[in-house]
Each structure stands twice: as C-alpha cells, then as structure tokens.
Amino acid sequence: MKKFLLLLLVFSAALLWASEPIMRVGIFTDTHVTKKITSCKLLKNSLQFFKKNNVDMIVNVGDISNVYDEAAYKNYRDTVKAVYGESAPREVFVFANHDRMKREKESVWEVFKDVKKHLECKNDFYDVIKLKGYTFLVIPQFMDSVKYDAMLSQAVKENPGKPIFVLDHVPAFDTVYHSKTWGEGKRRRILNKYPQAIQISGHVHGTLTNELNIWQGEFTAVNAGSLNYWTGDLVGSEPKVFYSDMVLILEVYPEKLVFRRYFSTTGEEYGADTPWSIPMPFDPKTAPYTIARRAASSAAPVFASDVVKSKVGKRDVTVTFPAAKDAFFYKLELFRQVDGAWKRFARKDMLSEFMLPVAKRKAAVSMQFDIGYFDAGKEYQVKVTPVNFFGKVGEPVSGKISVAQRVADTVVYESREPMKDCKFMSELAGGKPFKLGKDGFYIHNKFNGRLEFPANVWEGKRGTKFRFTIEMHTIQPSNRCWTLCLRNPKPLQNANLRIATEGGDAGVQRYVITFNKPKDFFNYYFLIREGGHGKIRFDYVKIEKIK
C-alpha cells in the first residue's frame, strides 16, 4: 500500500510539473516614455503585472523612449526600481529608431552606448541570451543582414529542434498585421530559411486583440502590439487612434509555446480560452496559425439585416448599417455613373468594434464620408462588405446616396491635368522627377514620392481649414500598398494620419483630406510613400478653404 501511495505521489508530481511552464517571459513594446514621469504609468502597471506573475525575464522590443532623452531613460529605470527594487528579473532591450531620434547624424553604436548607460541595460546591441535551455537573439532595428543570418544559423545548429526566439523591433514583411507597410523584406527573406525561428516584434503599433498579430508560414511571427497608441491599416481612411495597456506573457513548455494576452491594468486575460498555442517542434504542414488554415475554419461575417441608411449634412455624408458578426473591418465602396454604368471611384475601410467585449459593441455602425467625395445634383451607390480577420468576405449590403446641393467653399487651386501642372519628385526634398511611361503613368520606384503644387495655394492663418481632393490611379503588387498624406517639409509634420492605398490595380480612386492648418507658414506637398514599386497617374486635384 505504501509503495502504491509513493508511486501515486510521484505520478501526481510529474503531472504537476508537466502543467507548469519551464519559464515565463513578459513582453511589451513601443513604450515611448518621455521626460514626464506620467508617461511611465502603463509601464509601471505592466511591471507590477509581470511581478505578480513571477516572470523570469522582461523584454522591451524597442522604441523605449519617444526620442533620445536621458530624463526619459531615468524615468524608465526609476519605474523599474519602484516596482522591483534591486531584484528585477533579467531585462532585455531592443534598440530601435525612436531611441536614436534627435541624434540621427551620429553613429548608432555611440547612441546605443548612451542609451545602454542611462537604462542600466545589460544586453548588447546584438546579443545571444541563454535562459533555461532556450536561446533568445537580440537584433537592433539597424541590423546587418549578414550578421542577422549568421546569428540565426549558429543558434539553429546549437539548438536542433528547439525554437529560436528572435527579439526584433521590425516585423518581417507580410507576416503580422500592418507589416505590408511597416515590415521589412530582408528580414523576411532571412527568416524564411529558419523554420525554428519565432520572431517577436513591435514597431507597427497594433493591438493584441487583433488575431492577425500571430502568423505562421515558413516560420512563426508574433507582434507584441504597443504599450502606447495603436492604429489600423485602412484603405482610403485615416485610422482612428486607440490606446493600449496590453502585454504578452510567453509560457515555454517542452512540447509547445503559449502566448497569453493581458490587459495589464486589470490583469484580465484576453481570449483566455484560446491563447495563442504553438506546438513544438514546428511543422508547416500542421501549423495552426497560417492564414489559409485559419480562414478555412473561420466563419464569414454576417449582417443582422440589409438596411443601409444615409444622411447628407453640410460637411459630410453619414452612412449607417447594421454591425456584422465576426467582422474585423468593413469595406465601404462608392459608385457613380460613368457613361450609363455604375463605376467604383472610392473605397474607405473602417475597423469593426472587435476590440470591445461583445456586450459593449453597438448594434449599428456609422461611417462619415467628407462631402468632398460627392458632387451636387448627383446620385451615388454605397456598398458595404464585412471582412473577417483572415480575409473571408460576407454578403454585402448596399444603399443609395443623393446629394442635392453642396456648400460653396472657396476653391484656391484646381487642376484637371495635374500630370502637366504639378511636379512629381522623388525623396522628401530635392530628388529627381519620376519617369513618365508610354502608358501615361509615372513609374514610382522609390520609397518616397511627392506631388508639389504651385506657390501660395496653402496661404492662410493658423486654424484655416482646408479640403484636399485628389483622383489618382494606382497599380502595384496585390500584397503592397502605398500610404498617403499631406506633409509640411520644415518641420516635418503631416496634416493627416497615413491613408493606405489598395493593392493591385485600384482603378481611379478619389481621396479627400480635411485638416486645420497648425501654423501660418506651413506649406504642404502630397506624399506617396512606403509600399513597393508600381505606377501612378494623377487625374484631378482640388484644394479648397472651408468656411
């Protein structure tokens, strides 16, 4: 009997051990602290949460401070000491772009030395960290491709079959959400060679409630969201800005990795029943987080009804429609009559309320279109299509919009031939004119392109409200998009949050930007940037002062 009880005790202990992870790692990113100690509030909440959960290591995946600032780094260190005293677990910091801001002309190595000193950071610019039998590679944003590849290659050789955690501020291109715009191709090409790699990134300012922040393909990518603001990547729309207190806890088991998502302020786990659980060793044939596999098992969004209403105001048109179950975002498309047929001329996406608990989501959803999308005395059609996280599309609903008249605002510039009247130049300043192809499209093969306007079109005192309308035809790879904004060159300041273009051949699309001028002397160009190489034709431009 005693022998049986002893065996039972040993068996129970083994089961208990198996249910406990080998280690827990607390992960957050994009803290963007400043010289104001109040900027460390979310950091403090997160550290307290990590302390309560007894994590073995804390990782900040980059953009620690909003700009290089000794006082900001002191605030960070003081916050850690306020929570942990002198007994904090191991900390790891990834060096990224914002920690170099204001010192861009200096060597990244010299700047990092100072950041390291002020943060009391123990890891190096590049580093290999061993913890409880697992390897973590620390990679700076300003990485050398050869070194990156060599570090991965060596880690894989030394740890056959085990995951290699790549702590990397910038995500690999076209993996996690927003990485088509903010991800990097060379990182993707290197990581594609290493199925064991688990890239953990920041940079894109997303939310951990977004199911697209885990991805599997040739390897695994996880984005840590943001301990600051987050936005969406929306075609035709300026994204709204939200704030996030969310953090990750990585639990490492012999047979799996589990990423748990938490609201650090309340300690509530998001998706507690469905944490991101990755079987080990990695097998691309059965990997659960491929887009194709998740799309196949997901439900298409469904509208509760097909009622679409529109209300025309002086400055905008409000389109209201029922919320769709399982929607990630809504695609709203406007159609106008051209030669007797309805033709699409604008698309504006908006996020659903997926980030809210179901009980707090509204039954009806509204989207505003600036009146600049419409001409007086004409009829339009609007089509609303719900799309889930994995690209599965639900049945659309549609309605009509009639605009009888418009307020007559002051037109300060208008061109129906902007290809002749406006210069399209490469780079943010200087640069060269883009080449014009035989098909009438500019060949946009640079990172930045700017459309310049005649002098004095932006004249006006601080607070003057402008409406900018442009019609343009973009063609680029289907997995790429440009972003659009009006930018003042000195100081560099955008009039709007970046608007994404549609991938592929988008046809002629109208974009409308309204804003209040912040300084008397500001003077804007239209910036088309990021994305990949493609073609652009500008068909129409109008600048108005709004009364």
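Strands here are DSSP runs of E with at least two residues, helices are runs of H or I with at least four residues, and both are numbered from the N terminus. Two strands count as paired if DSSP finds at least two bridges between them.

The model is predicted: local features need pLDDT of at least 70 and side-chain atom pairs count only at pLDDT 80 or more, whereas totals for chains, interfaces and linings use all residues. Residues are numbered from 1 along each chain as its sequence is written, and side-chain values use heavy atoms, with hydrogens and water left out.

Within the sheet, select residues 329-338 and 378-387: strand 20 and strand 23 pair in the antiparallel sense over 7 bridges. Leu332 stands opposite Val384 in strand 23.

Next, display Arg347 and Asp349. They form a salt bridge (a side-chain nitrogen of Lys or Arg within 4 Å of a carboxyl oxygen of Asp or Glu), with the closest N and O atoms 2.8 Å apart. Both Arg347 and Asp349 are buried; buried means under 20% relative accessible area, exposed over 50%, and partly exposed in between, with a 1.4 Å probe and protein chains only.

Move on to Arg467 and Asp409, whose salt bridge has its closest N and O atoms 3.1 Å apart. Arg467 belongs to strand 29 (residues 465-476) and Asp409 to the loop between strand 24 and strand 25 (410-415), so the pair ties together parts that are 58 residues apart in sequence. Arg467 is buried at a relative accessible area of 0%, and Asp409 is buried at 11%.

Then select Arg537 and Asp539, a salt bridge with the closest N and O atoms 2.7 Å apart. Here Arg537 is partly exposed at 23% relative accessibility, and Asp539 is partly exposed at 22%. Salt bridges that share partners join Arg315, Asp370, Arg406, Asp409, Arg467 and Glu544 into one network. The whole structure contains 40 salt bridges.

Turn now to the largest nonpolar core, which has 50 residues; Phe28, Phe50, Tyr76 and Leu152 touch the most other members. Such a core is a set of buried Ala, Val, Leu, Ile, Met, Phe, Trp, Tyr and Cys residues joined through side-chain atoms within 4.5 Å. Among the elements that each supply at least two residues are helix 2 (41-52), helix 5 (145-158) and strand 12 (246-252). Helix 3 gives the most, with 6 residues. A second, separate core of 33 residues includes Phe136, Leu208, Leu257 and Ala287.

Finish at Ser264, in the loop between strand 13 (256-263) and strand 14 (269-270). Ser264 counts as buried at 5% relative accessibility. Its side chain makes a polar contact with the side chain of Ser46 at 3.3 Å; a polar contact is a pair of N or O atoms within 3.5 Å, and within protein one must be able to donate a hydrogen and the other to accept it, while residues adjacent in sequence count only if both atoms are side-chain atoms. The side chain of Ser264 also reaches the backbone oxygen of Asp245 at 2.6 Å.
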